[in-house]
Amino acid sequence: MKVTGMQDCASEVKKLITLAGERGAHAKQINPGDIVVAEWVRFKCRYGCKGYGKHFGCPPYAPAPGETRRMVGEYTTALLIRFDGVPGHGTFGPDDIPDDFHPYFRDLILWVNGTIHFLEKTAFYDGFYKAFGFGGYPCIWCEHQHCVAEEAEGVVDESLRRKCRHMDMVRPSMEAAGMDVFATAKNAGWNLVTIPCKNMEYGKIVHSDVHSVGLVLIG
């Protein structure tokens, strides 16, 4: 078993920041105490999001804010990861976005969640066994298929997770776990703003200046 210390942690943080940069993302070390967890965030998922109950990385399958708050409190080092832009589309507007916009942003979601998973696993195999990542957006690992949760009929049941096709890859998004992404990013010096939608129509964002955020708790 490898024994790690403060110097090892500093080296690991530097390594992960470099690896994030190689994947086109910006990583910044933050104090876990700067991660804002709030009850209201879960309500935004439960009322207003079309992905609610349809993905194992989303509520009600994701951890509740209280669980998240306690879990974050067990860490002393974290990386906040920012992803600028939407790969595969360049500049676009609301009229370019289909009504079923989830697949339209597939490359973005894979970029965010794939990078978070990669950084988490890198830290884990480097000896930081507590490493855990939080991505963004609803999970989209099931290409050309709906999530098992969406396919299932009847009540939402946590036991459905055992049938997940990508159990090793799925992580909750920050927002799904009750993290206030805007406030957390602001604590890191990044000022995020909401993007207006054309005629306030869900999903029809008016510009492509999109900034996405993920998180890796290290140890």
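**Exercise 1. The two sides of H2**

Task: Which exposed residues does the face of H2 turned away from its buried side carry, and which residues of H2 are buried?

Solution. Step 1: Phe 43 and Lys 44 are the exposed residues on the face of H2 turned away from its buried side. Exposed means over 50% relative accessible area, buried under 20%, and partly exposed in between, with a 1.4 Å probe and protein chains only. This is a predicted model: local features need pLDDT of at least 70, side-chain atom pairs count only at pLDDT 80 or more, and totals for chains, interfaces and linings use all residues. Residues are numbered from 1 along each chain as its sequence is written, and side-chain values use heavy atoms, with hydrogens and water left out.

Step 1: H2 spans residues 39–46, and Val 41, Arg 42 and Cys 45 are buried there. Their arc around the axis is only 100 degrees, so they sit on the same side of H2. The arc is that of the directions from the helix axis to the C-beta atoms. Helices (H or I, at least four residues) and strands (E, at least two) are DSSP runs, numbered from the N terminus.

Step 2: An α-helix has 3.6 residues a turn, so residues three or four places apart point the same way.

Step 3: The cover over the buried residues of H2 includes helix H3 (65–72).

**Exercise 2. The buried face of H3**

Task: Which residues of H3 are buried, and what do they pack against?

Solution. Step 1: Pro 65, Gly 66, Thr 68 and Val 72 are buried in H3. They fall within an arc of 160 degrees seen down the axis, so they line one face of the helix.

Step 1: These buried residues pack against H2 and S4. Contact means heavy atoms within 4.5 Å.

**Exercise 3. Backbone exceptions**

Task: Where is the peptide bond that is cis, and which residues other than glycine have a positive phi?

Solution. Step 1: Most residues other than glycine have a negative phi, and most peptide bonds are trans.

Step 1: The bond from Pro 59 to Pro 60 is cis, with omega near 5 degrees. Pro 60 sits in the loop between H2 and H3.

Step 2: Asn 199 has a positive phi near 55 degrees, and Met 200 has one near 60 degrees. Asn 199 lies in the loop between helix H6 (181–187) and strand S4 (211–217). Met 200 is found in the loop between H6 and S4 too.

Step 3: Asn 199 counts as exposed because its relative accessibility is 69%. Met 200 counts as exposed at 79%.

**Exercise 4. Cavities and Ser 173**

Task: How many cavities of 30 Å³ or more does a search of the whole structure find, and which residues line the largest cavity?

Solution. Step 1: The search finds two. A cavity is a set of points, on a 1 Å grid over the protein atoms alone, where a 1.4 Å probe fits but cannot get out; lining residues have an atom within 4 Å of a point. Grid points are joined across faces, edges and corners, and a volume is the space filled by probe spheres set on the points.

Step 1: The largest cavity has a volume of about 50 Å³. Its lining is Gly 57, Cys 58, Asn 113, Tyr 137, Pro 138, Cys 139, Trp 141, Val 170, Arg 171, Pro 172 and Ser 173.

Step 2: The second largest cavity holds about 40 Å³. Its lining includes Asn 113, Trp 141 and Arg 171.

Step 3: Ser 173 is in the loop between helix H5 (148–151) and H6. Ser 173 is buried, with a relative accessible area of 2%. Not counting residues up to four places away in sequence, Ser 173 touches Gly 57, Phe 134, Gly 135, Gly 136 and Tyr 137.

Terms used. 1 Å grid on protein atoms, 1.4 Å probe; cavity = no way out; pocket = protein on both sides within 12 Å on 5 of 7 lines; lining within 4 Å.
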